[in-house]
Amino acid sequence: MLRLLCKSKPTSLSSYSPHYTCSTTQHSSTHLSVPQITPNSFTPSGFPLNSPNPLKTSTGFRFFHQYGRKSQFYAYENPVNRVFLPGCSLNWRNVGNWKGNGVGFMSVRSLVGGVTRGFCSESDREVMSYDVVIVGAGPAGLSAAIRLKQLCREKDVDLSVCVVEKGAEVGTHILSGNVFEPRALDELLPQWKQEGAPIDVPVSSDKFWFLTKDRAISFPSPFDNKGNYVISLSQLVRWLGEKAEELGVEVYPGFAASEILYDADDKVIGIATNDMGIAKDGSRRDNFQRGVELKGKSNYFLYMRVEAIGMLSGRNGFKSHTCASNYMHSPGRLTLLGEGCRGSLSEKMIKRYNLREKVQGQHQTYALGIKEVWEVDASKHEPGFVLHTLGWPLDNKTYGGSFLYHMKDRQVSIGLVVALNYHNPFLNPYEEFQKLKHHPAINRLLEGGTVLQYGARTLNEGGFQSIPYPVFPGGAIIGCSAGFLNVPKIKGTHTAMKSGMLAAEAAFDVLHGGLNMDAYWNNLKNSWIWEELYRARNYRPAFEYGLFPGLALSGLERYIFKGRFPVTLRHGKPDHEATDEAHLHSPIQYPKPDGTVSFDVPTSLYRYVADDNGQLKLHINAQNCLHCKACDIKDPKQNIEWTVPEGGGGPGYSIM
């Protein structure tokens, strides 16, 4: 009796095919024998009907396959398009011989062109192997996954692709403005309108105001949003996730990638998810479960290599048995990091491999975007209306501005973006946002309305100057983790998607054509991403000189030089170094919230408590963390190392 352990995503047993046993015929000198498959009375878990499965876990089932054989082993191959059980298929190879009768436990090290699932002999973590592992089910990660599978279909190649996402569901950690430019989506899925993408509200008007405390002064709009759409990015990402799964991508929400895995040559070979069931003091709870290693395959195999290890019962008692077959090497093992702005694993890669220094890139600079979605009175709602503002409530030395977008169903997105290189340590971006909503020109829209959701997220503002070399040994960085936001457009979704597509094309050529992943960098430089970000490169650093000089310089860049200014401006200090000492500023007295338009920050989000010595310390409640990353970025001493919580934690956005 041979038993193979496999791991599956949680799903109902009723969806599985019947279990099977097999018998074989002898093989000729040139062909392996093919088992004759006959149904039996076992359940998909490998146990008799009505028998409990002792290996059921909180994250799925570990499946047994049972069949009797006295003289030969047979093992599974798993092409993605020929799945029998989750992770197993009826495609067999003869890999060894039994000596005696007994029971063996087989550990499959790697298989041809599909997904390998098993347990790592070097650790107690379960291992799942893929051709490409993608971290982050955002616009970049899902676009990369979709493009890879499209290429597989075009070239009749079978590559296994998985996407891991720390949010409980795809889209729950996605927050953006969002006025969406469909350029990249037109390239990726040209039939998106016919296929039901949640992109329904075209921009109908585009206004730009300069705010003082009591007035709104209309300026010519520097934005060109004709042909763009007001959307919920979290809803669009959900739809992209569905399209990816339709193509055969395995998407795993609720899995937080916490660790990069390396081989002996310091090459990335995959990621590991964090352990679950850890108490605050670091001890293991009763529901403790080890994380999972997700690795790209290191080899394709001409002949499969299998090790079967176990206690074999025979006439001479119990003995250990191992068998293996020969194999041939070819390229494999790729990891793409699409974690979004300030991705924790991406930052480690940038530092470990000196990726910014490799191309003389400047440091990244950031802003914090705070957003609410309101439901307003129908008489005040104008679907497709887009408004951007500069000025009040921010001072003239702090870069930032607000946005207000009318979505469908009487919903309005309103938000404030504050650059994190602000100087005054008493400035509170959240409180500045509350002040904004009391401006007479904005308050009249919100009166009588209801807040549906609130969220916050940092965004990259370094632009062209801050792009790191995006390729590291064994993979690449895509999307906002690398920083492709176009600051004057306030748009990064289309560039993130395009970067994922370019990385996917390079990855496909590595795995199928034996080329080098460095092609991704060349693809970027030859794409419209590069041209677009180069033309926009001087807008953000122009405001290092203050609001009005910044407006003058950016106006010259847009209307006179049209992105061809002969000098590339540099960013100022890193954001954490820009904060002045408190004695140089006076405290800011913010008005108390009225509970109707402005609100308190929930006390569970952050609060100050005393440590063991009676000294005040910052206490952050991880369960209510919005994963915005501002604490990590702005911390003056850089003492904070932001790490992912258990998979499924954090915000639960649905219309952001």
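User: Before we look at details, how many disulfides does a search of the whole structure find?
Analyst: This is a predicted model, and the search of the whole structure finds zero disulfides.

User: What about Cys341, then: where is the nearest cysteine sulfur?
Analyst: The nearest cysteine sulfur to Cys341 belongs to Cys480 and is 6.8 Å away. A disulfide requires two cysteine sulfur atoms within 2.5 Å, and Cys341 is in no disulfide.

User: Is Cys341 buried or exposed?
Analyst: Cys341 has a relative accessible area of 4%. The limit for a buried residue is under 20%, so Cys341 is buried.

User: And Cys162, buried or exposed?
Analyst: Cys162 counts as buried, because its relative accessibility is 0%.

User: Let us move to Thr458. Which strand is it in?
Analyst: Thr458 belongs to strand E33, which covers residues 450–460. Thr458 is buried, with a relative accessible area of 4%.

User: Which residues is Thr458 in contact with, apart from its neighbours within four places in sequence?
Analyst: Thr458 is in contact with Cys341, Ala367, Leu368, Leu420, Cys628, Lys629, Ala630 and Ile633.

User: What does the side chain of Thr458 have 2.7 Å away?
Analyst: A polar atom of the Thr458 side chain lies 2.7 Å from the backbone oxygen of Cys628.

User: How many bridges join E29 to E32?
Analyst: Nine bridges join strand E29 (residues 366–375) to strand E32 (residues 411–419), and the two strands run antiparallel. Trp374 stands opposite Val412 in E32.

User: Finally, the whole chain. How many helices and strands are there?
Analyst: The protein chain has 13 helices and 37 strands. Of its 656 residues, 56% count as buried. The chain exposes about 29,200 Å², and carbon and sulfur atoms supply 51% of that area.

Definitions and conventions
Residues numbered from 1 in each chain as written. Predicted model: local features only at pLDDT ≥ 70, side-chain atom pairs only at ≥ 80, totals over all residues. Heavy atoms only, no water. Helix = DSSP H or I, 4+ residues; strand = E, 2+ residues; numbered from the N terminus. Buried < 20%, exposed > 50% of the residue type's maximum accessible area, 1.4 Å probe, protein only. Polar contact = N/O pair within 3.5 Å; in protein donor to acceptor, adjacent residues only side chain to side chain. Contact = heavy atoms within 4.5 Å. Pairing = 2+ DSSP bridges. Areas by Shrake-Rupley, 256 points an atom, 1.4 Å probe, with all protein chains shown as cover.
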